[in-house]
Amino acid sequence: MWERGRPPRKQRPAPLILPASALVSPPPPRFVFPRSLFALAARAMPSRRPSPVILLLLALALALLFLLLSPSAPSASRLSHSFVSTSPSSSASSPPSPVKIYLYDLPSKFTYGVVRSYMSARGPSGSPDAAAVLADEELRYPGHQHSAEWWLFKDLRRRGPRDRPVARVDDPAEADLFYVPFFSSLSLVVNPIRPPAAANASEAAATVGPSYSDEAMQDELVEWLERQSYWRRHRGRDHVFICQDPNALYRVVDRISNAVLLVSDFGRLRGDQASLVKDVILPYSHRINPFKGDVNVDSRPALLFFMGNRYRKEGGKVRDTLFQVLENEGDVIIKHGAQSRVSRRMATQGMHSSKFCLHPAGDTPSACRLFDALVSLCVPVIVSDHIELPFEDVIDYSNISIFVDTSKAVQPGFLTSMLRRVSSERILEYQREIQRVKHYFEYEDPNGPVNQIWRQVSMKAPLIKLLINRNKRLVERGTNETDCSCICSTPSDISTAG
């Protein structure tokens, strides 16, 4: 009760008793916009009713301001990191630096000199030597299925685009790898098979000119390298050679087997000379004109096409058997023919008008015919049990080719029955996939095989570094011991390696 005329006495609130858990640490204060911000926003509003667009922009601005000023909001650096890390177009790490490669300045006789010798040997008798008066940059590599050696050399000479996997350096001390640009495949065929006819032996010798010896060139090349300090320091392990023809560098291959070899297959190389681990498989240059049309089945009346030498050695003996089982099939075109301009024209017409193109083994498991078929959108039918193929880390050849065991392919009626069961829609799927990847087999394409070859070479650099460092600590081993750094490429060798 209180006295009349006096206000009631205010009662003191009872003391607040908090539990112990509430005394640990108070939560962060909740952010409240300063009234001045609202007042500022109100003054900025026009006297008339604002449009919805202005209201939306104002709401977005206030929401962003609240996000940035709130104590629980992420910092700007964390926000930017979050946006970068979740963006699908960016990677968590920067792209690797290109592998540094040094281009040996070989004596000219190993590069442009090989081209000059080839042209001189085939020039018309009695005419001046055109190759002798041409500058190096005016020379053109002869049309040849092994022209990868020319494309790689020219690419390094002009240094290529900056975003490729390798970068040429002028100082060998900076190099990770060393490229040896000897035209080893062209060197094999410099001398013409049939020298020009002449009245007598002395006239013939004068017509042909000085003799050219590929074996002597191989010996001189390795002798030149063995005088170089960068070859001697690791016995050539960080060097790169191109020997695309199966017989290229055959005389000295044991002396350079530590190096990275750029080859078309391992048909004539032993397991202790070459392997998929240290070496790179190259595509042949196609010899026929690419097909310019779109995918189509109706414009390809022939079921299967093949044109080539019927009689080959070693694994190529299967060709004669295939001729016997296929030559009487009505929708199959199979012809014997050697390399010539006429043969290439006939092959172009045949591949461009056939659904499937046969690729049997020759003297070695692979040949340029496979790549002729691919640029023709003619689905390859590969009958070569030991074939190796380029760029298999980016190309699934089962999507662009049909593989048939040799033992089944030679059975009468097997190949044609199998191919006739392939639907038109499936053939179109093969052709579309070939279209997607065929630039990998066209050396003229800036994003074609040259770039892919350098990418493959650059991938060898970490292994080379590992083996170089490993060899620094190893004691000298006997010559009969197997080096575990060489893994053979054939399945039988791999199964017995352990």
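Figure 1. At 55% relative accessibility, Arg158 counts as exposed, in a model that is predicted. The side chain of Arg158 meets that of Asp155 in a salt bridge, with an N to O distance of 4.0 Å.

**Figure 2. A salt bridge between Arg420 and Asp331.** In this view the side chains of Arg420 and Asp331 meet in a salt bridge of 2.9 Å, taken from N to O. Arg420 is found in helix α15 (residues 414-420), while Asp331 is found in the loop between α11 (318-326) and β8 (332-336), and the pair therefore ties together parts that lie 89 residues apart in sequence. Arg420 is partly exposed, with a relative accessible area of 43%, and Asp331 also counts as partly exposed, at 27% relative accessibility.

Figure 3. The structure as a whole holds 23 salt bridges, and one of them joins Arg436 to Glu433, whose closest N and O atoms are 2.6 Å apart. Both residues lie in helix α16 (residues 424-437), with a spacing of 3 residues, or about one turn of the helix. Arg436 counts as exposed, with 52% relative accessibility. Elsewhere, salt bridges that share partners bring Glu215, Asp219, Glu226, Arg251 and Arg255 together in one network.

**Figure 4. The aromatic pair of Tyr104 and Trp224.** Among the 20 aromatic pairs that the structure holds, this view shows the rings of Tyr104 and Trp224, which are edge-to-face because their planes stand at 85°, with centres 5.6 Å apart. Tyr104 lies in the loop between β1 (99-103) and α4 (112-122), whereas Trp224 lies in helix α9 (residues 214-226), so the pair ties together parts that are 120 residues apart in sequence. Tyr104 is buried, with a relative accessible area of 6%, and Trp224 likewise counts as buried, at 15% relative accessibility. Ring pairs also link these two residues with Tyr102, Phe178 and Tyr230 into a cluster.

Figure 5. Tyr112 and Phe153 form an edge-to-face aromatic pair, with 5.5 Å from centre to centre and 70° between the planes. Tyr112 belongs to helix α4 and Phe153 to helix α6 (residues 148-158), so that this pair links distant parts of the chain, 41 residues apart. Both Tyr112 and Phe153 are buried. A further ring, that of Tyr118, has the charged end of Arg122 sitting over it, 3.8 Å from the ring centre.

**Figure 6. The surroundings of Ser376.** Ser376 has its place in the loop between α13 (369-375) and β10 (379-383), and at 0% relative accessibility Ser376 counts as buried. Leaving aside residues up to four places away in sequence, Ser376 touches Ile288, Phe291, Arg300, Met351 and His352. Two of these residues also meet each other, for Arg300 lies over the face of Phe291, at 4.7 Å from the ring centre.

**Figure 7. The open parallel sheet.** Six strands form an open sheet in the order β2-β1-β3-β4-β5-β6, with parallel pairing. At its edges stand β2 (166-169) and β6 (280-281), each of which has a single partner strand, so one side of each is left without a neighbour in the sheet. Within the sheet, strand β3 (residues 177-180) is joined by 3 bridges to strand β4 (residues 239-242), and these two strands run parallel. Phe178 stands opposite His239 in β4, and Phe178 is also one of the residues in the aromatic cluster that includes Tyr104 and Trp224.

**Figure 8. The chain as a whole, as context for the close-ups.** The protein chain contains 18 helices and 11 strands, and 42% of its 498 residues count as buried. Of the contacts between residues at least 6 apart in sequence, 70% join residues at least 24 apart. The accessible surface of the chain comes to about 29000 Å², and carbon and sulfur atoms account for 55% of this surface.

Note on methods:
Residues are numbered from 1 along each chain as its sequence is written. This is a predicted model: local features need pLDDT of at least 70, side-chain atom pairs count only at pLDDT 80 or more; totals for chains, interfaces and linings use all residues. Side-chain values use heavy atoms; hydrogens and water are left out. Rings of Phe, Tyr and Trp (its six-membered ring) pair if their centres lie within 6.5 Å; planes under 30 degrees apart count as stacked, over 60 as edge-to-face and the rest as tilted. Helices (H or I, at least four residues) and strands (E, at least two) are DSSP runs, numbered from the N terminus. Buried means under 20% relative accessible area, exposed over 50%, partly exposed in between (1.4 Å probe, protein chains only). A charge sits over a ring if NZ of Lys or CZ of Arg is within 6 Å of the ring centre and within 35 degrees of the ring normal. Contact means heavy atoms within 4.5 Å. Accessible areas come from the Shrake-Rupley method with a 1.4 Å probe; for residues, only the protein chains shown count as cover. Two strands pair if DSSP finds at least two bridges between them.
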